[in-house]
Amino acid sequence: MSPQERKQQKLVAIYQVLLQLMSQKPMADIGITELCQQADVSRTYFYRNYGNFEKIILMYQEQLMLKYLRRLPLTAKSDMADLMTRYFEVIKHDADTNRLLIQNGQVMIVFQTFQSVFQILMQHDRISHPARNTIINEPYYVEYLSGAVVNVAITWLNKGMIESPQYLGKLIERLSKTQPAMMPTPE
């Protein structure tokens, strides 16, 4: 096993132990020694590679989203409905974990992960959007969209995921196409 594979394996183990502990008590009450002992890693390894619980969650979530990106078609651009449908499928697949993260105040990590993935898709010109050159490139668009999408995801999770990921994907696409009558110019 390569060092990179070993490091990935340890990240998964530490993340799973952290989730297990978070299901038993608030994250603020979890000790680093407790986590390290149960994950079978040293405190030195923990501090060298992570430093805090949030970094473990962020690193794992980023890996999860990279898997999401790898499932997208390689040659074609994806439309917003398809991208968002896939996003909500990921959220649904890991619903219990996402609820646990939200309950433990880790919503910012969900926002950061969404923003990182969306920016990667934009940088690689992988998003097919009718207003791509106007709306998507506006300052703060990614923050605006991530706020909307993540808040919809949280509400959807809390309401029991009644609607399908496809419905939400189409809804987000429709809402993202809505343009204000006049965009303000930066001062």
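## Reading the features

Tutor: Start with one residue. D82 is partly exposed, and its relative accessible area is 28%. Buried means under 20% relative accessible area, exposed means over 50%, and partly exposed lies in between (1.4 Å probe, protein chains only). Two notes on the source. This is a predicted model, in which local features need pLDDT of at least 70 and side-chain atom pairs count only at pLDDT 80 or more, while totals for chains, interfaces and linings use all residues. Residues are numbered from 1 along each chain as its sequence is written, and side-chain values use heavy atoms, with hydrogens and water left out.

Student: Which residue does D82 meet in a salt bridge?

Tutor: The general idea comes before the case. Side chains of opposite charge can pair when their charged atoms come close. A salt bridge is a side-chain nitrogen of Lys or Arg within 4 Å of a carboxyl oxygen of Asp or Glu. Here D82 meets R86, at 3.2 Å from N to O. The two are about one helical turn apart, because they lie 4 residues apart in helix 5. Helices are DSSP runs of H or I with at least four residues; strands are runs of E with at least two; both are numbered from the N terminus.

Student: How many salt bridges does the whole structure have?

Tutor: A search finds 3. In one of them, R99 pairs with D96, with the closest N and O atoms 3.3 Å apart. These two are 3 residues apart in helix 6 (residues 95–103), so about one helical turn separates them. R99 is partly exposed at 24%, whereas D96 is exposed at 62%. E34 also bridges to K25, at 2.9 Å between the closest N and O atoms.

Student: Where do charges gather in a patch on the surface?

Tutor: A patch is made of residues with over 30% relative accessible area and no salt bridge; like charges are joined within 9 Å, and nonpolar side chains (Val, Leu, Ile, Met, Phe, Trp, Tyr) within 5 Å. Lys and Arg count as positive. Here R6, K7, K10, R48 and K55 form a positive patch. Helix 1 (residues 3–24) gives the most to this patch, with 3 residues. K10 sits in helix 1 and is partly exposed at 31%.

Student: What does Y60 touch, beyond residues up to four places away in sequence?

Tutor: Contact means heavy atoms within 4.5 Å. Y60 touches L11, V12 and Y15. Y60 belongs to helix 4 (residues 53–70) and is buried at 19%. T85, in helix 5 (residues 80–93), is buried too, at 10%. Beyond its neighbours within four places, T85 contacts P165, Q166 and G169.

Student: Which residue other than glycine has a phi near 60°?

Tutor: That is D40, with a positive value. D40 lies in the loop between helix 2 (32–39) and helix 3 (43–49), exposed at 70%. M161 also has a positive phi, about 55°, without being a glycine. M161 is in the loop between helix 9 (141–158) and helix 10 (165–177), but is buried at 16%.

Student: How many helices and strands does the protein have?

Tutor: It has 10 helices and 2 strands. Of its 187 residues, 44% count as buried. Residues 24 or more positions apart account for 69% of the contacts with a separation of 6 or more.

Note on methods. Areas by Shrake-Rupley, 256 points an atom, 1.4 Å probe, with all protein chains shown as cover. Charge placed at Lys NZ, Arg CZ, Asp CG, Glu CD.
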